[in-house]
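Here are my notes on this model, point by point. Please read them with the structure open.

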Amino acid sequence: MFYDRFVKLCEAKNVSPSRAALEAGISKSLVTKWKQDETKEPSAEVVRKLAQYFGISRFEVLEDRPDDGTDPELADYLEELKTRPELRMLFKLSKHATKEEVEQAVRVIEAIRKKE
């Protein structure tokens with residue numbers, strides 16, 4: 001349940017959930033929705049705001065630590081790449097890749113695009 005994770009992050013920062021919501025730029029009513037509905041998850045934009053507010057990666061906003069061996073830094077990098085349509089195909093290939101391997105693939109794709 002995301003609400004439990006949010007409360008844990010607030011406790012670590014020593015702020016109330018209401019205060020964290022206001023300071024992060026999200027509504028207190030959204031926090032209430034998380035509390036009332038266990039299936040309610042934050043949008044990508046809200047995750048971005050919370051990551052910035054708590055000073056952690058977007059991956060860490062959602063989970064304490066990766067349970068599948070995913071590198072949190074890689075997860076953040078992949079999240080950034082989602083906004084670039086020409087790089088979306090990497091997501092299918094990068095599930096078990098290292099950050100360096102993904103960066104190398106991006107450089108190759110960018111070099112190919114420059115030649116076009």
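1. Start at Phe6. Phe6 touches Pro17, Ala20, Ala21, Val31, Trp34, Leu50 and Phe54, leaving aside residues up to four places away in sequence. Contact here means heavy atoms within 4.5 Å.

2. A word on the source. This is a predicted model, where local features need pLDDT of at least 70 and side-chain atom pairs count only at pLDDT 80 or more, while totals for chains, interfaces and linings use all residues. Residues are numbered from 1 along each chain as its sequence is written, and side-chain values use heavy atoms, without hydrogens and water.

3. Phe6 is among the residues with the most contacts inside the largest nonpolar core, which has 21 residues. Such a core is a set of buried Ala, Val, Leu, Ile, Met, Phe, Trp, Tyr and Cys residues joined through side-chain atoms within 4.5 Å. Buried means under 20% relative accessible area (1.4 Å probe, protein chains only). H1, H2, H3 and H4 each give two or more residues to this core. A second, separate core has 5 residues, including Leu74 and Val102.

4. Now helix H1, residues 2-13. Helices are DSSP runs (H or I, at least four residues), numbered from the N terminus. Phe2, Tyr3, Arg5, Phe6, Val7, Leu9 and Cys10 are the buried residues of H1. Their cover includes H2, H3, H4 and H5. Asn14 follows H1 and has a positive phi, near 60 degrees.

5. Which residues of H2 meet H4? They are Ala20, Glu23 and Ala24, facing Lys49, Leu50, Tyr53 and Phe54 in H4.

Notes
Expected span 1.5 Å × (residues − 1). Buried < 20%, exposed > 50% of the residue type's maximum accessible area, 1.4 Å probe, protein only.
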